Amino acid sequence: MTRLTRTVAAATLATALALVSACSGGSDSADAKAGDGTSLEKVTYLTSFGNFGRDSYAWVAKDKGFFKEAGFDVEIKAGQGTGAVIQTIVGGQADFGPIDLTGGLLQVGNGVAKDFVAVAAIQQRTMAAIVSVEGKNIATPKDLEGKKLADTPGSVVRNLFPTYARMAGVDYNKVTWVNGEAQTLMGTLASGQVDGIGQFVVGQPTVEAVTKKKPVVLPYSNVMQDLYGNALITSSKIAKEKPEMVKKFTAALLKGLEYALANPQEAAEILKKNVDTTNPAAAAAELQLMAAYVRSSNSGTAIGTLDSDRVAKSIAILQGAGALKSNITPDQVIDFNLVPKA
């Protein structure tokens with residue numbers, strides 16, 4: 001009996017040690033593998049503009065495991081506006097990121113950028129806007145004349161402003177622009193250094209939280225109604241060489257977008273967990289405002305769709321305003337073979 005007892009005890013101990021070894025040594029390898037046991041593909045993703053509520057859906061896709069389930073290990077970095085995001089992706093320092101689609105059209109049509117393609121819409125309508133606060137004597141676009149505005153040099157709000165100004169009856173030459181950075185723009189407005197900033201309409205809650213004043217918003221969509229908002233882009237090289245990978249990543253990101261819009265408070269807390277400077281209340285409010293821009297009558301219930309005719313109308317608007325140096329077609333900027341179907 002004693003010998004039997006010792007044998008059972010030894011076997012039990014060996015089993016326990018094996019389990020401990022598996023638990024302690026298997027976690028790292030599990031983190032590096034997808035659900036089917038294959039290795040995760042490393043991807044670098046840029047947000048559109050800093051880390052605000054409007055971009056929290058990428059963090060949601062990562063936190064909820066949507067990226068991992070699709071086979072990706074994603075590093076999320078803060079973007080600095082359309083021009084910078086395009087440059088970084090084309091340069092190979094990042095794989096995916098959202099840009100304002102109209103900004104992308106301007107970049108291509110004016111020979112500033114190439115070798116990238118849009119593969120999904122994030123917003124069906126442009127959210128570009130000039131945002132000021134009460135007390136600056138700004139209530140209409142015409143009131144911007146004689147004022148000082150700030151934005152990043154590559155921001156679509158800034159680059160699209162001459163077209164907006166012409167269509168809104170504003171003398172562009174009477175408006176002064178100064179350079180700013182994504183994360184400090186609102187502080188610049190709060191300190192009184194400028195009269196307004198380039199911003200998305202969903203930035204209102206964050207502007208109010210930072211400035212402690214009621215925002216005054218001049219949406220570009222009031223005068224340019226056919227323009228899309230942000231669109232997910234990748235390099236032409238990745239789109240050509242890895243089309244299935246692009247589709248899988250897009251689907252995972254859009255799953256995060258849909259979840260974030262349905263659960264704005266949770267999405268805001270996920271962003272706060274990853275970006276310490278986040279104001280959860282403002283981030284959740286941004287998502288609630290953004291929901292109306294993600295779907296439209298054109299897209300039906302589908303998220304991410306892009307319509308060639310609508311893009312052609314956007315190009316026509318820019319051409320009519322004299323904003324494009326050369327003629328371009330929707331296919332030069334969008335890979336419709338990779339875009340989600342309506």
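This is a predicted model: local features need pLDDT of at least 70, side-chain atom pairs count only at pLDDT 80 or more; totals for chains, interfaces and linings use all residues.

Q: Great! In what order do the strands of the open sheet come?

A: The order is S9-S8-S10-S7-S11, so written for 5 strands with mixed pairing. At the edges are S9 (176–179) and S11 (215–219), each pairing on one side only. From one strand to the next, the twist averages 35°.

Q: And how do S7 and S11 pair?

A: They run in the antiparallel sense, with 5 bridges between them. Within that pairing, Ile130 stands opposite Leu218 in S11.

Q: Which helix lies across S7, S10 and S11?

A: That's helix H8 (residues 204–211), which runs at about 150° to S11.

Q: New topic: how many aromatic pairs are there?

A: The structure holds 9. In one of them, the ring centres of Phe66 and Tyr259 are 6.1 Å apart and the planes are at 65°, so the pair is edge-to-face. Phe66 belongs to helix H3 and Tyr259 to helix H10, 193 residues apart.

Q: Is Phe66 buried or exposed?

A: Phe66 counts as buried because its relative accessibility is 10%, under the 20% cut-off. Tyr259, at 23%, counts as partly exposed.

Q: What about Phe161 and Trp177?

A: They form an edge-to-face pair too, 5.3 Å centre to centre. Both residues are buried.

Q: Last one: which charged end sits over the ring of Tyr228?

A: The one of Arg310, 3.9 Å from the ring centre. Arg125 lies over the face of Tyr293, at 4.1 Å.

Conventions: Residues are numbered from 1 along each chain as its sequence is written. Side-chain values use heavy atoms; hydrogens and water are left out. Two strands pair if DSSP finds at least two bridges between them. Helices (H or I, at least four residues) and strands (E, at least two) are DSSP runs, numbered from the N terminus. Axes are lines fitted to C-alpha atoms, for helices over the stretch in contact, and angles run from 0 to 180 degrees between N-to-C directions. Contact means heavy atoms within 4.5 Å. Rings of Phe, Tyr and Trp (its six-membered ring) pair if their centres lie within 6.5 Å; planes under 30 degrees apart count as stacked, over 60 as edge-to-face and the rest as tilted. Buried means under 20% relative accessible area, exposed over 50%, partly exposed in between (1.4 Å probe, protein chains only). A charge sits over a ring if NZ of Lys or CZ of Arg is within 6 Å of the ring centre and within 35 degrees of the ring normal.
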